[in-house]
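User: Happy to look at this one together. Could you walk me through the fold and its packing?

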Amino acid sequence: MSDGGNAIFYVLLLVLPLSALFARRLPLGRVAVMALAWIGIFATGLLIVALVNRNDWLVSGARELFYGRDQSVVGSEVRIPMADDGHFYARATINGVETMMLVDSGATDTALSSAAAVAASIEVDKSAPPMTVITANGTVQAHPAVAKSLKVGGITATDLSVDVSPELGEMNLLGMNFLSKLESWRVEGKTLVLVPNAK
């Protein structure tokens, strides 16, 4: 939405409750007090939205409160904490769309659920016969596709081959074809460290 559209939307949000107050034909003093209260509530809401949009630490703090400690970037390395189930989940961006991915060194290729592929506008080649994809939890049938961009922290892989399968449910797997593009990756205690290629 454009800035002009945003301004009109916000004005309408403020005008509607104020017009309702005037329509009730209350004493002018009471209307003024209630109008000021509505303006204060509206201004506070706008301030909160502005702070969240401009301060990543607020978003990160909220995510940590509900989902646990988040991944971080230290220098060029991406550090991903172990989840309660003992797995590592990377916060990735696929074609500009953020999604969570299970880091699966047992998966040959990166694999996406059908929902994740649709959200990232990834076109599946259904003309090709389905292939068998090996994951840490077994094998699934999938169709080949290509992600123009898959980013984890500051690490980006372009034109990455991915397999799309409805059998994954809501799970997305970050496989070896992404991990092999790194300089290295290792586990330090309960933290997975991804080291980008220096080239």
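Analyst: Let's begin with a term: contact means heavy atoms within 4.5 Å. This is a predicted model, where local features need pLDDT of at least 70, side-chain atom pairs count only at pLDDT 80 or more, and totals for chains, interfaces and linings use all residues. Residues are numbered from 1 along each chain as its sequence is written, and side-chain values use heavy atoms, with hydrogens and water left out.

User: Among contacts with a separation of 6 or more, what share comes from residues 24 or more positions apart?

Analyst: The protein has 5 helices and 11 strands, taken as DSSP runs (helices H or I, at least four residues; strands E, at least two) numbered from the N terminus. Of the contacts with a separation of 6 or more, the share from residues 24 or more positions apart is 53%.

User: Is D104 buried or exposed?

Analyst: D104 sits in the loop between β4 and β5 (110-113). Buried means under 20% relative accessible area, exposed over 50%, and partly exposed in between (1.4 Å probe, protein chains only). Because its relative accessibility is 6%, D104 counts as buried.
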